[in-house]
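Please keep the sequence and the 3D view open while you go through it.

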Amino acid sequence: MTSHTRRNFIQSATAAAVYSSPLLRCDRLMASPFGLPIGLQLYSVREMMAKDYEGTLKQIGALGYQEVETAGYFDHSSEQVKSAMSAAGLKCVSAHYPYASLNKDFDKIVAFNKEIGVQYIICAFPGIKDPSRLKDQSYRTQITSFTLEDYRWNADQFNKFGEKLKAAGMKFGYHNHTMEFAKQDGVVPFDEMVRLTDPALVTFEMDCGWVIVGGANPVDYLHRYPSRISMLHVKDFKHIEKPASTLEPPPAAELGRGTLDYRPVFEAAKKANIKHYFVEQEEFDLPPMESLKIDADYMKNLTV
């Protein structure tokens, strides 16, 4: 997966609402993983995995992570992936792909991931209904060009993907960024996609950090859609002091060392339908494994 499919998904239009968010940290309150295994989105270690796939997975397992969500397999076969995951004591439960890849190679993606034992295929970045209307196909152009019609079209595509995945014994889902929370014609795109997708075919993986930066509140969404959101991404930021551009997110922080208080999120999640959650550390100031240990320790010690 290329870098433009997983980072810098920030929406400035509604960022001002974040500043008064009840999720901004005012002390060191902790949250709870409510008995679920600690998961990691492997985009966090993309550079390390490209150099040492097996060794990186073993380090992750040694930190206490038990489940992972992939963002590319770095030219490994399904047997090599299964062997590496087993050796590291990890369970690969979910895989991320942008819409462009799903549209092009859906059957191959499904077959490959089924061989590994993956349960969820997640669309990590939506598609444009009519790409020919764009001046170019760059990430910068795409991220600023989504219309309400595009989101509605994506919902229709997700239903089709979901139907095929259900037949294969797997589940399809969508991972949000920030742009889905900026109203268009009075409509919040995220809500529209939830409305238009079949609950039996499409689930949602809510990235709590991007929801907050997008100006919304993940607690509200867990209350609103307790049966539609089945997975979470958990990340933190050093500060959210000014509206961020779509291409310049707030600086990343380790869990518990940043701005956000996840306690109310996990309190709401305990009453919802969360099956898995994944820590995601997109940038590092410390050596990556040191940062990921801080994240893992945070999750191990959470209480609500």
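1. How many aromatic pairs does a search of the whole structure find? The search finds 20, where rings of Phe, Tyr and Trp (its six-membered ring) pair if their centres lie within 6.5 Å, and planes under 30 degrees apart count as stacked, over 60 as edge-to-face and the rest as tilted.

2. Before going further, please note that this is a predicted model, in which local features need pLDDT of at least 70 and side-chain atom pairs count only at pLDDT 80 or more, while totals for chains, interfaces and linings use all residues. Residues are numbered from 1 along each chain as its sequence is written, and side-chain values use heavy atoms, with hydrogens and water left out.

3. The mean pLDDT (the predictor's confidence in each residue, from 0 to 100) of the protein chain is 88, and 87% of its residues reach 70 or more. Over residues 1-20, however, the pLDDT is below 50, although this stretch has 77 contacts (heavy atoms within 4.5 Å) beyond near neighbours in sequence.

4. The protein chain holds eleven helices and ten strands, which are DSSP runs numbered from the N terminus (helices H or I, at least four residues; strands E, at least two). Of its 304 residues, 58% are buried, where buried means under 20% relative accessible area, exposed over 50% and partly exposed in between, with a 1.4 Å probe and protein chains only.

5. Strand β7 (residues 229-234) has six of its six residues buried, so it is largely enclosed by the rest of the structure. Strand β6 (residues 202-207) pairs with β7 in the parallel sense over four bridges, and β7 also pairs with strand β10 (residues 276-279) in the parallel sense over four bridges; strands pair if DSSP finds at least two bridges between them. Met231 in β7 stands opposite Glu205 and opposite His276 in β10.

6. Returning to the rings, Phe158 and Phe172 have their centres 5.4 Å apart and their planes at 45°, so the pair is tilted. Phe158 lies in helix α6 (residues 148-167) and Phe172 in strand β5 (residues 171-175), so the pair ties together parts that are 14 residues apart in sequence. Phe158 is buried, with a relative accessible area of 0%, and Phe172 is buried at 1%.

7. The rings of Phe181 and Tyr221 have their centres 5.4 Å apart and their planes at 75°, so this pair is edge-to-face. Arg224 lies over the face of Tyr221, at 4.5 Å from the ring centre (the cut-offs are CZ of Arg or NZ of Lys within 6 Å of the ring centre and within 35 degrees of the ring normal).
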